[in-house]
Amino acid sequence: EADLEERLVDLDLRSDSDIPDVPPLTDSTPEILKRALSGLSARWKNWWIRGILTLAMISVFFLIIYLGSFMLMLLVLSIQVKCYHEIITIGYRVYHSYDLPWFRSLSWYFLLCVNYFFYGETVADYFATFVQRREQLQFLIRYHRFISFALYLTGFCMFVLSLVKKHYRLQFYMFAWTHVTLLITVTQSHLVIQNLFEGMIWFLVPISSVICNDITAYIFGFFFGRTPLIKLSPKKTWEGFIGGFFSTVVFGFIFSYFLAQHQYFVCPVEYNSETNRFVTECEPSELFQMQKYSVPPLLQAVLGWETVNMYPFQMHSIALSTFASLIGPFGGFFASGFKRAFKIKDFADTIPGHGGIMDRFDCQYLMATFVHVYITSFIRGPNPSKLLKQLLILQPEQQLSVYKTLKSHLVEKGILQPSLRG
Amino acid sequence: NLQESESENKLDGETASDSESKSEFGGSPAVPTSDDTPEVLNRALSNLSSRWKNWWVRGILTLAMITFFFIIIYLGPMVLMTIVMCVQIKCFHEIITIGYNVYHSYDLPWFRTLSWYFLLCVNYFFYGETVTDYFFTLVQREEPLRILSKYHRFISFALYLTGFCMFVLSLVKKHYRLQFYMFGWTHVTLLIVVTQSHLIIHNLFEGMIWFIVPISCVICNDIMAYMFGFFFGRTPLIKLSPKKTWEGFIGGFFATVLFGLLLSYVMSGYRCFTCPVEFNNDTNSFTVDCEPSELFQLQEYNIPLVLQSVVGWKTVRMYPFQIHSIALSTFASLIGPFGGFFASGFKRAFKIKDFANTIPGHGGIMDRFDCQYLMATFVNVYIASFIRGPNPSKLIQQFLTLRPDQQLHIFNTLKAHLVDKGLVGDLEDA
């Protein structure tokens, strides 16, 4: 073990003691709060700050939901940019690479490229009618992949040209750091947006489940906590973990019941080209229509009911809450390990009492990917508007043959009436 | 060559930030430098001086590799796919081994297992996606395959998550940073190596010509740039690779474009190269048989007036594909080398001479393939953007999984579009 330590020191990655101490976290608590809480002892003061900020964040969350899908998209985008910025800043600090030529510009450039690529792929599908009307946009959409690739390549070549003799290794590390960060933050923020477009409920229930799990696991741990869960996070306990699991499942179940009743949450977000706004109006799919379920005999004795009216979505919410409670925390452990590896207390100090944005969102990322995979595997089939877009790009002869195949299929299934000749 | 690489190491020199890592390589070289050259060659060349010997070894191995390339082309798509997969695994192994060497992380618990596990997961995901598209009918017939393909993404994600959780559980107190570095290293390597090898396979399925012409152009550019540099080289091109010169770069460019034109002309005449690879359900084998698309049918082109006087012809018969080959060769000569510079920079950053020493005289597999990777992605993006549209049969498959009301909506929109274009009469008599 001592040998490994020696070898670690040799690496130009510098031993842990060389990492500059985290600059004393500037206290960003607003003056008002400070004065109001000046009477209390330091421990309770911290509690109150955390509590107030939690409520503030939840209120902002509700406000934005009320404002609609477009604002939510913007919010997700801002969070993504901030998370990216936080992680890249940590990289700069670890590698003392403030002075590397070009690197700041290149990191932001890559962020722009990857976002352009992803937004082009998603936006083009949903805004098909909007895009059809404008010539320049059509060109951009048709050759979207090629343009994105060309933009990325430009960045790649700039990176190669910017390699400076003394700093090769540093530059490669920052290049890799940038790419892994892009992989984590940008791809998953786009999955969040795709979930959102599927219906706000697919955005709200997972996020709330993760938040609920965080809070209830903490509360259970506070009151009943005894057996430590994992060395990485000494504050977590098995009691908190299991208690959090059950509470989150119940919470998800009840929360989905309320949300499933409103079209605003349940319908896929669509863009109405006439009013130039997002609309959420539709015939709720069968997932969101009440159905009678027979209660299994075991529970009948407990509950006293024979059947229960539930939305099928509530069954899915159990799967989502289970994931949020059992696997979501691994995202948190990963972030804890990361912070210990690089000797930082928090990703940043954007939110007083809580740390950086990334600190709040570390568990969310795994969740977003899971929800997306869940939706594509179990809920919806392929996206109809995307399919239509691809059909319209085909060669005329191909379109004609596809048309005939589809027609015969639909007639066979009785969905379309056979044509009247003559 | 040996002499040049020695001077390269001296150029690297004692730089401030690199010097502190010098000690780690003084004692234990990053890559063991055993002489891999087979005994036979050693004896045959024992008389020549060491410089010419190296030349001969490189030359012979180059010819051996090219011959091997031809043999596997002859053997067909299935063998090619297997070779691509082997190359991918070897490249992954080489880069991960470098990571182990750099971070002295042989002793990290679990890490070897986890790296290979992630490689398996990502390959499973990609092969599943490709196989489902191309082997659709085969997959639908067999019940277990059908379920695997329907829930493919979910299964792949679950497998990946297992690896992720294992990684988190394997974090050991003293080695957090090392473990995170290796995790990052593994993922970047997967991103580079695995995704691009799958793009190569996609290109292959489009038609063997889309696989052979780009690879040959990169190889040709390598060789031509070297020769032009050898005979005419004077102005250095980039500090990263002191051996490269502008004369070699430009000469290589023109030579490669010409080579691409000629090679495409020869290949476009044969169906086995130009037809998309398909899986025949009855014979359970790959077939390359089709009506050649218009890309591969000779057409008359008017020669621009400028060239008419030079060449003396008014029109020329060419395959449209040859025009595309100019684009491919241009990319191979102008942008492809950046992949090589990237790899050179990487080798200097980590103070290694070669990625490995699998091929005597040439280094590792990765050394030969560093320029190919950018090329594979470019060809794939090029095909998707300019050549083929979406696959009609795939679209029909997706259509069949939609709900009836969605199907009707799409059908009506398509019909309206076709009526607009005059392809279908208003009365349904199409």
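Predicted model: local features only at pLDDT ≥ 70, side-chain atom pairs only at ≥ 80, totals over all residues.
Glu94(B) is buried, at 2% relative accessible area (buried means under 20%, exposed over 50% and partly exposed in between, with a 1.4 Å probe and protein chains only). Its partner in a salt bridge is Lys90(B), with N and O 3.4 Å apart; a salt bridge here is a side-chain nitrogen of Lys or Arg within 4 Å of a carboxyl oxygen of Asp or Glu. Lys90(B) is partly exposed, at 28%.

Side-chain values use heavy atoms, without hydrogens or water, residues are numbered from 1 along each chain, and chains are lettered from A in the order written.

In chain A, Lys82(A) and Glu86(A) also form a salt bridge, with the closest N and O atoms 3.4 Å apart. Lys82(A) is partly exposed at 28%, whereas Glu86(A) is buried at 2%. Back in chain B, Arg153(B) meets Glu129(B) at 3.5 Å, N to O. Arg153(B) belongs to helix H10 (residues 152-169) and Glu129(B) to helix H7 (residues 111-134), so this pair ties together parts 24 residues apart in sequence. Over all chains, the count is four salt bridges.

Terms used: Helix = DSSP H or I, 4+ residues; strand = E, 2+ residues; numbered from the N terminus.
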